[in-house]
Amino acid sequence: MTIADFGSQAIICKVIKERFPKDVIVAEEDSEELRSPSRVHLLEQVTRYVGTLIPDASPEKVCSWIDYSSHALQERFWTLDPIDGTKGFLRGDQYAIALALIEDGMVKLGVMACPNLYLEKGDPRGKRGCLFFALRGRGSFQTDLQGGDKTRLSVSKTDIPSKALLTESVEADHADHEFHQRLARSLGIESPPLRMDSQAKYGIVARGEATLYLRVPSPAEVGYKENIWDHAAGSIIAEEAGGKVTDALGNPLDFSSGIKMERNHGILVTNGILHDAVLKAMRM
Ligand code: AMP
Ligand code: MG
């Protein structure tokens, strides 16, 4: 894990705990590695980084903020991926800070910062830094990271499968790219897939830039179960923009049985209109 994963989790957990002292936060990291004597230097770096925002940060406090996280789910809890797409972050590509609120198994709020994602769809050379947020029943929005005007998002309206743009992971271990390619061919999709790290892919579907986000488990990782913090924030952002999110078999996502989505297999996100057609093509 990087300084950023630990630092991001320390800051966000501290703030949530102050505002909502009774809430459980289910976050990806814990402080075990940081507390090991061989990692003193890493802990110092994390503390210095957190100290730029929270001046009274100390190594002990930073570890205790990180450990506000618990993996025991309750009726109401937050999920946090402090840096989703760490591999993309290290490569200088896409990553996201992804926070969601879950009540009775349903995602109610999602907030996702994508510091390296271009703001205007289809303009990868343009200004970067997006904040996506969605509240159940109230829509999905995007702003810049400076808190500028918000834009309401809506998914692509295309009902022609061959015109769909598919987005998928960069990492070959995270999804079955060959299966995706066969599926794309069977749907007659013309454009090559848009490969992108992190839940930024949900944002790309929400703003109508891609039409499909596919994540069929890689054959190298048979039986892989997705983590709830990798999908909670992204899924509501896509749904509130008019998209549909299920697993790759068409089942609703399960955010309530544990940190792993035990009842699900892969992920399928579409503009809604094409969902059944894609599921049908997957079964063939
Ligand atoms: P992405 O950037 O979309 O490829 O997804 C990044 C996330 O993939 C990480 O946060 C990991 O939790 C998750 N991940 C790790 N191993 C696997 C795997 N074998 N299959 C699917 N996802 C994985
Ligand atoms: Mg992640």
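Q: Which residues line the second largest pocket?
A: This structure is a predicted model. The second largest pocket holds about 270 Å³ of space. Its lining consists of S8, I11, I12, Y49, L53, I97, L99, V111, M112, A113, L131 and L145.

Q: Which elements each supply at least two residues of the lining of the second largest pocket?
A: The lining of this pocket includes S8, I11 and I12, as well as I97, L99, V111, M112 and A113. The elements that each supply at least two lining residues are helix 1 (3-19), strand 3 (96-103) and strand 4 (106-118).

Q: How many charged residues does the lining of the second largest pocket have?
A: By class, 11 residues of this lining are nonpolar and one is polar. The number of charged residues is none.

Q: What is the volume of the largest pocket?
A: Ligand 1 takes up the space of the largest pocket. The residues closest to the centre of that pocket, out of 29 in its lining, are D84, G85, H174, R215 and D230. The volume is about 520 Å³.

Q: Which element gives the most to the lining of the largest pocket?
A: Two or more lining residues come from each of helix 5 (86-91), helix 7 (200-206), strand 10 (212-215) and strand 2 (76-84). The element that gives the most, with three residues, is strand 2.

Q: How many charged residues does the shell around ligand 1 have?
A: The lining of the largest pocket has seven nonpolar, nine polar and 13 charged residues. Around ligand 1 itself there are 14 residues, and those that come nearest are S169, H174, S198, K201 and D230. This shell has one nonpolar and four polar residues, and its charged residues number nine.

Note on methods:
Residues numbered from 1 in each chain as written. Chains lettered and ligands numbered in written order. Predicted model: local features only at pLDDT ≥ 70, side-chain atom pairs only at ≥ 80, totals over all residues. Heavy atoms only, no water. Near = heavy atom within 4 Å. 1 Å grid on protein atoms, 1.4 Å probe; cavity = no way out; pocket = protein on both sides within 12 Å on 5 of 7 lines; lining within 4 Å. Sits in = over half its atoms within 2 Å of the grid points. Nonpolar A, V, L, I, M, F, W, Y, C, P; charged D, E, K, R; others polar. Points joined across faces, edges and corners; volume = space filled by probe spheres on them. Helix = DSSP H or I, 4+ residues; strand = E, 2+ residues; numbered from the N terminus.
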